[in-house]
Amino acid sequence: MRNLLDSTDLTVQEIDELIALALDIAAKPEKYREALKYKKLATLFYEPSTRTRISFTAAMMELGGNVLGFSDANSSSVNKGETVADTVRVVENFADIIAMRHNKDGAPYEAVQYSKVPIINAGDGGHNHPTQTLTDLLTIFREKATFNGLTIGFCGDLKFGRTVHSLTKALGRYKNVKFVFISPNELKIPAYLKNEVCDKSNCNYLETNSLEEVIPTLDALYMTRVQKERFDTEEEYNRLKDSFILDAEKLKTAKKDMLILHPLPRINEITQEVDNDARACYFKQVQNGKYIRMALIYTLLKWKDEGQKPLAADYKVVEGEKCANPRCISSIENVKPLQKVSENGQKRCYYCDYSN
Ligand code: CP
């Protein structure tokens, strides 16, 4: 059965086909109005959300299906101590497909080990957010008609920025993509992503802490929020929260067609005056999120009916030591201690990609 936990759970060709389907849905919504009649999507949201949960709901409704679930884990039996494994073994009886958001890295990787229905990762801690990536890719494609040859700047919290991690992995598989990672030293992109994405493909990258220096080179600038909920102390968050603020002044040296992207919600990192700039695409991303999620739900259920198996992973899974990451699902639930072993022998936690 096919799930979507990571943006690399889809081939480049499958991503291109999802984009084509989303464009067809956007152009001819009436064609899909009853496509998933009598099907049910469960949205299990252990962490707050506006866009992702509501766009999944709208997507399923516009395909003629129904939606059930919870938007606050405290209102469910999670509050009584029910595990992720038991929760999905219950919910799979009521739904054909599950979209799960969790505050802990790797929680959906625990869920898939027990679920008989497809699982979609709707954001797991500071790890991955593959449906935001599909949203971002559809937006970039609608504006630029290609991903090849683009220079993409990621700015802000690149350490815990799950949208950045997933989009980097997806874009790194296209031709001649260049990444510019702009962050304070404390919030740099994890090393495994640079190694995995850039050292394996033909993309290259630059790291800097100066947005002003690199903004003229960018085809797209992906701003991110410094996420209060990922910090151990409020003091550390306050010190870093306003590291980068995009305003009209900084945009003066940017290309006339540079895309300004942001997964939202934003706090201070993009000033409101930028909303009126023709290059601002962050509310277009929201609209595209519904179309691409319609395409994704439709496709995963079709693949389930066809009996499609997951793609072969480029790593082995072995039993190993318990993960030391306090943000991993293994820190709060008694999950099997599994590790991924990559081709070069490097080991990382199966759930959260952390190296002990
Ligand atoms: N982009 C995104 O994930 O937004 P929400 O947290 O509101 O779902």
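## Overall architecture

Of the 356 residues in the protein chain, 47% count as buried. The model described here is a predicted one. The protein chain contains 11 helices and 12 strands. Its radius of gyration is 20 Å, close to the 21 Å given by the globule rule for 356 residues, so the protein chain is as compact as a globular protein of that length.

Along the principal axes, the C-alpha atoms of the protein chain fill a box of roughly 55 × 50 × 40 Å. Of the contacts between residues at least 6 apart in sequence, 74% join residues at least 24 apart.

## The parallel sheet

An open sheet is formed by 5 strands in the order S7-S6-S5-S8-S9, with parallel pairing. Strand S7 (204-208) and strand S9 (259-261) stand at the edges; each has a single partner strand, so one side of each is left without a neighbour in the sheet. From one strand to the next, the twist averages 15 degrees.

Strands of a sheet pair through backbone hydrogen bonds, in either a parallel or an antiparallel manner. Strand S8 (residues 220-223) runs parallel to S9 and is joined to S9 by 3 bridges. Within this pair, Ala 220 stands opposite Leu 259 of S9.

Asn 288 lies in helix H11, which covers residues 282-306. This residue counts as buried because 25 other C-beta atoms lie within 10 Å, where 20 or more are required.

Leaving aside residues up to four places away in sequence, Asn 288 touches Thr 135, Leu 138, Thr 139 and Arg 142. Asn 288 and Arg 142 are 146 residues apart in sequence, while their C-alpha atoms are 9.4 Å apart in space.

Terms used: Residues numbered from 1 in each chain as written. Predicted model: local features only at pLDDT ≥ 70, side-chain atom pairs only at ≥ 80, totals over all residues. Pairing = 2+ DSSP bridges. Helix = DSSP H or I, 4+ residues; strand = E, 2+ residues; numbered from the N terminus. Axes fitted to C-alpha atoms, helices over the stretch in contact; angles between N-to-C directions. Buried ≥ 20, exposed ≤ 12 C-beta atoms within 10 Å, placed from the backbone. Contact = placed C-beta atoms within 7 Å. Rg over C-alpha atoms; globule rule 2.2 N^0.38 Å.
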